[in-house]
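Visitor: I have a protein model to look at, and I would like a guided tour. Please show it to me.

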Amino acid sequence: MARSLNIALIGQKFMGRAHSNAWLKVARFFQPPVTPVMYTVAAREAAGLKTFARRWGWQNCTTDWRSAALDPEVHLVDVGTPNHVHAEQAIAALEAGKHVACEKPLAGTLADARAMRDAARAARRSRTFVWYNYRRCPAVALAHRLVREGRLGRIFHVRACYLQSWAGPAVPLLWRFQKKFAGSGAHGDLNAHIVDMARFITGQEITEVCGAVAETFIKQRAEVSAAARGGIAGGTSGGRGQGRVDVDDAVLFLTRFAGGAVGSFEATRFATGNQNNNTIEVNGEKGALRFAFEDMNLLWFYDAQQPPREAGWRRIMCTSGGNHPYADAWWPDAHVIGYEHGFVNMAADILNVIGGRKPVVPLPDFADAYQTQRVLEAALLSARHRSAVKLSEVK
Ligand SMILES: NC(=O)c1ccc[n+]([C@@H]2O[C@H](COP(=O)([O-])OP(=O)(O)OC[C@H]3O[C@@H](n4cnc5c(N)ncnc54)[C@H](O)[C@@H]3O)[C@@H](O)[C@H]2O)c1
C-alpha cells in the first residue's frame, strides 16, 4: 500500500483551484508511490472558504495559514499565494520539517528568493518544488529530451515571448500591479516562465543579460478593496481613488548562454491580439524546435539532417502513449489535453520524487528556481542602468 502524504494548500483562488484539481486528480490518472490527502486549505477569504473546501474535497479549512502549515499532521505545504508571502510561508514550513511546493516566481525579490534557497538547503529532509508548470506540457518535456539527445546539436538561438493583453486601463490596482506584493509585473509573472523553459529545454544557464527595456504604460489605476484584489483581471474597483502602478507592464531583454547561444525574451500584458501566447523557439546546427502554448499539444521540429528536398517543419502531436512524456496517463492518442493537465503531471512528479522515484523530466527545486530569479534580477538591473549585466554579478 502506498504511503499517504497530507497536504496543506495556502491560497484558494486561481492557483488554489489549479492545485486543488491537480491533487484531486493525480492518483486517478497516475499510480503515484505516495497517495496525496487533501488535508487543509488556508486562505484569507473567510466567506466562501468552507464552500471551496467542500467543493474540492479538502478535509479542513482555516484563515490561519500558519496553523495549517505547521500542523504536525501535514507533510507537504503547497504555497499558492501572492509573491510577497512566498518566503515567509515556505521558510516557516521548511523549518517545521515539511516538504514545500511553491508557486512561481520563487519570490518577489532576489533577497527573499535567496533566503528560500538557503532555508531549503538547511532543511535536509525536506524536498522543494516550484510550480513551473509549462515544463510539464508533454511538448515542452519532449523538447527537453530532444535537445538532451543531441538532435539540435549546438544551439545558436533561443527566442521566447510570453504575450498577454488583459491589463487595459479599466483593470483596477490588483496585487499584480504593486511592487510590495508582486515584486515586478509582467516580468516576474511571464518572463519567469519562459526563462525557466529556456533553461530547461537547452540545459544551459544564462551568463549575461546584454540589454533590457522595461515600460509601464498605465501608471495609475483605480484602487480596489483588499477583498477584491485577487484574480488575474478580476476584482472590481471598490476603493477610494487612484493608486500608482510601480511595476512593469512589459520587459524585453537579450541574453547570452553558457554554450554560446544568444537569446531574446519578451513579456507583456499589452500585446493586443494575444491572450496567452507563450512561445519558445530554439535553433540549433542540426535542427530547430518551436512550442506555442495556445497549441500546447504540438511540438514543431525541423530536422536539418534531412535532405533539403524533404526538409521542413514537422508537426508532432505529443499525445502518443509510450512515446511522449505523460501521454500514457491520459487519453487515447490525439485526444488532446489542456492547461490543468500540466499541474496534474507536476503533482505526479512531486509524488514520484517524495516517494523515491524519478520524475518524468526534471523538476525545479528552490535552488533551480533561484537561478531563474537571478536572470530576472539581472534583466531589471540592465533595464534600470541601461547596461549589460553579467550573471556573476548577481548573487
Ligand atoms: N504557474 C502558473 O501558471 C501561475 C498562474 C497564475 C499565478 N501563479 C502564481 O501563483 C501565485 C498566486 O497567484 P493567483 O493568481 O492564484 O492569486 P489570486 O489572487 O487569485 O489568489 C491568491 C490567494 O492567496 C491568498 N492569500 C493572499 N495573501 C495571503 C496571506 N498573507 N496568507 C494566506 N493567504 C493569502 C488569498 O486569500 C487567495 O486565496 C502567485 O505567486 C502567482 O505568480 C502561477
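**A helix and its surroundings**

Guide: Helix H6 is followed by Gly 150, whose phi is positive, near 85°. Helices (H or I, at least four residues) and strands (E, at least two) are DSSP runs, numbered from the N terminus. This is a predicted model: local features need pLDDT of at least 70, side-chain atom pairs count only at pLDDT 80 or more, and totals for chains, interfaces and linings use all residues. Residues are numbered from 1 along each chain as its sequence is written.

Visitor: How many residues of H6 are buried?
Guide: Buried means that 20 or more other C-beta atoms, placed from the backbone, lie within 10 Å of the residue's own; exposed means 12 or fewer, and partly exposed is in between. Pro 138, Leu 142 and Leu 146 are among the buried residues of H6. The helix is mostly covered, and the count is 9 of its 11 residues.

Visitor: Which residues of H8 make the contact with H6?
Guide: From H6 come Val 140, Ala 143, His 144 and Val 147. From H8 come Met 197, Phe 200, Ile 201 and Thr 202.

Visitor: What are the edge strands of the sheet?
Guide: Two strands pair if DSSP finds at least two bridges between them. The open sheet has 9 strands in the order E16-E15-E14-E13-E7-E12-E11-E8-E17, with mixed pairing. Each edge strand pairs on one side only: they are E16 (313-317) and E17 (389-390).

Visitor: What radius of gyration does the protein have?
Guide: The radius is taken over C-alpha atoms, and the globule rule is 2.2 Å times the number of residues to the power 0.38. With 395 residues, a compact globule would come near 21 Å. The protein agrees, because its own value is 21 Å.

Conventions
Two residues are in contact if their C-beta atoms, placed from the backbone, lie within 7 Å.
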